[in-house]
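Work through the two exercises below with the sequence and the model side by side, and try each task before reading its solution.

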Amino acid sequence: MDYDALFRQHLNQLQDEGNYRVFAELERERGSFPRARRHSDGTVSDVTVWCSNDYLGMGQHPNVVAAMHEAVDRCGVGAGGTRNISGTNHDHVLLEAELADLHQKEAALLFTSGYVSNWASLGTLGAKLDGCVILSDALNHASMIEGIRHSRAEKRIWKHNDPEDLDRKLSQIDPDRPKVVAFESVYSMDGDIAPIEEICDVADAHGAMTYLDEVHAVGLYGPRGGGVAEERGLMDRVTLIEGTLGKAFGVVGGYITGSAPLIDFIRSFASGFIFTTALPPAVAAAARASISHLKTSQIERMRQRRNVEKLRARLDAIGIPHLPNPSHIVPVMVKDPVKCKMISDILLNDFGIYVQPINYPTVPKGTERLRFTPSPVHTDEDLDRLMAALTSLWSQCALARAVA
């Protein structure tokens, strides 16, 4: 059997549908974000990045860079093993204490990515709590879905951001069974925000745990960057808060926070934690420096919000449709996979503007989009160039304009 032919068949179908992913090869420039160098076919060109998850530019912050350099000089580059076998470094312990403090929880636990922290934690809760039912928001991230699937626990899906439907689903479950309500604060594709208080009210009424993914909110919301739950004064209402170090904090890794018994339970039973090499100490040191800075500095958050407001206003002025939402994520709606990729390619190749097309299966077919994430360091000149390019391309591709 020609397996490569089978692989090519599936890849060709992806390309025909406009859903084949092409990676832009970038070289980030320290001190110049959102500038980057793009490598393509042996040539190098300058681009401006408009879709980075380094939401606040903390990946280049002098304090963060210095902390990583210091830790490399002090410890070397690797952790040396799993957390259980020689891999727990002092920097990991300090970072976990920093994270527990950020979310006002008793304890925290580090993972190698936000994907792994969701997969391992939900997988462990569902598998180890006898008779557990996990109630998952309909638009939860793939990492949460995979964790729930891996757990083999009973799963019930409730309508997106709908506490009334959650209440109906919980009412159908034996009150004596363990229950976990899993949801996100900021949903990364539409940029909408969950009604956390109402969800907690429903969960509490039915004796359910709450599991909140704050990966697109930590660093960005709340007076100390603790996320939407902090901003709304609800951190104490949430059983487990999960987050990432790879977005607003600008480094890499994932984590969970909660009560000491809960965190020790995940630490002791989660295979995704037990059997993987620990994060390098230098990464932990850099993440701790970033979190510490954002606990007191408001400058980055304020500048980012101003740039989000500017982008939305400029898009409205030229009739480019974008989803309204209360978050920092600006989805520009193309609603055609081929045109979405074509616009992205032209922006990159002809204008030096990089924004990744978001197509199926990340979003449903017919909702294809360009996902913009303005940073604190995008300039008015960057915005002018972007608007000129989008105005030209929207006409060139015969796409509908938004009605004022």
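**Exercise 1.** Find which residues of helix α7 are buried, and state how they are placed around its axis.

*Solution.* In α7 (residues 163-171), the buried residues, with under 20% relative accessible area for a 1.4 Å probe and protein chains only, are Pro163, Asp165, Leu166 and Leu170. Seen down the helix axis, these residues fall within an arc of 155 degrees, taken from the directions to the C-beta atoms, so they line one face of α7. Their cover includes β5, β6, β7 and α8 (196-205), where contact means heavy atoms within 4.5 Å. At the start of α7, a side-chain oxygen of aspartate 162 comes to within 3.1 Å of the backbone nitrogen of glutamate 164.

This is a predicted model, in which local features need pLDDT of at least 70 and side-chain atom pairs count only at pLDDT 80 or more, while totals for chains, interfaces and linings use all residues. Residues are numbered from 1 along each chain as its sequence is written, and side-chain values use heavy atoms, without hydrogens and water.

**Exercise 2.** Give the order of the strands in the open sheet, and name the edge strands.

*Solution.* Helices (H or I, at least four residues) and strands (E, at least two) are DSSP runs numbered from the N terminus, and two strands pair if DSSP finds at least two bridges between them. The 7 strands follow the order β4-β10-β9-β8-β7-β5-β6, with mixed pairing. The edge strands, each pairing on one side only, are β4 (107-111) and β6 (154-158). Within the sheet, β8 (209-213) and β9 (240-244) are parallel over 3 bridges, and leucine 212 has isoleucine 241 in β9 as its bridge partner.

Definitions and conventions. Axes are lines fitted to C-alpha atoms, for helices over the stretch in contact, and angles run from 0 to 180 degrees between N-to-C directions. Buried means under 20% relative accessible area, exposed over 50%, partly exposed in between (1.4 Å probe, protein chains only). A polar contact is a pair of N or O atoms within 3.5 Å; within protein, one must be able to donate a hydrogen and the other to accept it, and residues adjacent in sequence count only if both atoms are side-chain atoms.
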